[in-house]
Amino acid sequence: MPAMLTDVFRGHPIHLPHSHQPDFTSLRELPDSYKWTPKDDLLFAAAPSPPTTGENIPLIDLDHPDAANQIGHACRTWGAFQIANHGVPLGLLQDIEFLTGSLFRLPVQRKLKAARSETGVSGYGVARIASFFNKKMWSEGFTITGSPLNDFRKLWPQLHLNYCDIVEEYEEQMKKLASKLMWLALKSLGVSEEDVEWASLNSDLNWAQAALQLNHYPVCPEPDRAMGLAAHTDSTLLTILCQNNTAGLQVFRDDLGWVTVPPVPGSLVVNVGDLFHILSNGLFKSVLHRARVNQTRARLSVAFLWGPQSDIKISPVPKLVSPVELPLYRSVTWTEYLRTKATHFNKALSMIRNHREE
Ligand SMILES: O=C(O)CCC(=O)C(=O)O
Ligand SMILES: [Fe+2]
């Protein structure tokens, strides 16, 4: 992962000086550079879902005998769902939340010791998607690819080894869970292991790689005008998100507008990413999502961004392509896709779409 992402982003440096990151807690008013209007993001003011619809992303019990079909349905209609009985120990979720909280509570000068470089991926900084927007986002992040040892040593000279152990254990559990979820979702479409030979179940998951994105959304003096993380889809196969007990994540549905995902203690949120949309020939929806902020409670989230190794070509599963039509998408590696995304952002999927001859 580190080599591949570094390679992609070297060609797309991000000119956003992290050292200008404000000390959020000291700001009593929202600076103009943080005030969003519909001009800054077309969907900024899109209608919030009326609470009366009662529509919410499904909460799926992974122990339920019908879990595969429920996951498949959620991937087709929402592109997102929450899961309970996922098998990840609660203590580990608490540990990663604790780690995230302690990281962002460090003094700004200490966090900046592990700042992400302009062309780098790992480390402390603003969201990478910030370069696509004129306004700033009310959040700070920390990206982990490969071992966090070097960065963690700078952040916590004494405790870094304990924190590295937590990250390693968390990633191990997430990898297994992500693979299980992918196969359950594919099973609901009648797709089995023989149909996706590169993702063989007995390969120790060596075909996959991942990054961890830790996010902090501080308390905000004017939340209605601010944006924690602007609307985007993830470039992954799947993303598994652990959020603290504070609402903020919203997913977009064409028919409902922005729908807030309520935190359910102990559960995890799963997002369909762009690569799973491609693999499913467009049947699974890569979900547009964003994070809002609020005036009273800081929010933390940990996103496990999961995809295939760089040499794997992702293309629609042949079984899901009609014999008389082209697949909806051309095949791409994760690296190629990230490069397209780094240039075209939310239009990246349409850039690799096969257009039908009229
Ligand atoms: O904080 C959240 O709820 C969303 C985070 C997210 O979308 C991301 O890190 O890609
Ligand atoms: Fe995301």
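Predicted model: local features only at pLDDT ≥ 70, side-chain atom pairs only at ≥ 80, totals over all residues.
User: What about Ser-301 and Asn-215, how far are their side chains from an oxygen atom of ligand 1?

Analyst: For Ser-301, an N or O atom of the side chain is 2.7 Å from an oxygen atom of the ligand, while for Asn-215 a polar side-chain atom lies 3.1 Å from an oxygen atom of ligand 1. The protein covers 95% of the 300 Å² of accessible area that ligand 1 has on its own.

User: Which residues surround ligand 1?

Analyst: The surrounding residues are Gln-213, Asn-215, Tyr-217, Leu-229, His-232, Asp-234, Leu-241, Leu-249, His-289, Arg-299, Ser-301 and Ala-303. By class, the shell splits into five nonpolar, five polar and two charged residues.

User: And which strands each supply at least two residues of that shell?

Analyst: At least two shell residues come from each of β5 (208-217), β6 (229-232) and β12 (299-308).

User: Staying with β5, is Gln-209 buried or exposed?

Analyst: Gln-209, which is found in strand β5, counts as buried because its relative accessibility is 7%, under the 20% cut-off. Its side chain reaches the backbone oxygen of Pro-308 at a distance of 3.1 Å.

User: What does UniProt say about residues 204-308?

Analyst: The UniProt record, an unreviewed entry, places the feature "domain: Fe2OG dioxygenase" at residues 204-308. In the model, that span is 6% helix and 45% strand, and its end C-alpha atoms lie 13 Å apart.

User: Switching to Ala-298, where is it, and what does it touch?

Analyst: Ala-298 is placed in the loop between β11 (289-291) and β12. Leaving aside residues up to four places away in sequence, Ala-298 touches His-216, Tyr-217, Pro-218, Val-219, Asn-244 and Thr-246.

User: Why does Ala-298 count as partly exposed?

Analyst: Its relative accessibility is 34%, so Ala-298 counts as partly exposed, a class that runs between 20% and 50%.

User: New topic, what is phi like at Asn-85 and Asn-281?

Analyst: Phi is near 50 degrees at Asn-85, a positive value in a residue other than glycine, and phi of Asn-281 is likewise positive and near 50 degrees. Most residues other than glycine have a negative phi.

User: Where are those two, and how accessible are they?

Analyst: Asn-85 lies in the loop between β2 (80-84) and α3 (90-105), and with 44% relative accessibility Asn-85 counts as partly exposed. Asn-281 is found in the loop between α7 (274-279) and β11, and Asn-281 is buried, with a relative accessible area of 12%.

Terms used
Residues numbered from 1 in each chain as written. Chains lettered and ligands numbered in written order. Heavy atoms only, no water. Near = heavy atom within 4 Å. Polar contact = N/O pair within 3.5 Å; in protein donor to acceptor, adjacent residues only side chain to side chain. Areas by Shrake-Rupley, 256 points an atom, 1.4 Å probe, with all protein chains shown as cover. Helix = DSSP H or I, 4+ residues; strand = E, 2+ residues; numbered from the N terminus. Nonpolar A, V, L, I, M, F, W, Y, C, P; charged D, E, K, R; others polar. UniProt positions renumbered as here; feature names shortened; annotations may be inferred. Buried < 20%, exposed > 50% of the residue type's maximum accessible area, 1.4 Å probe, protein only. Contact = heavy atoms within 4.5 Å.
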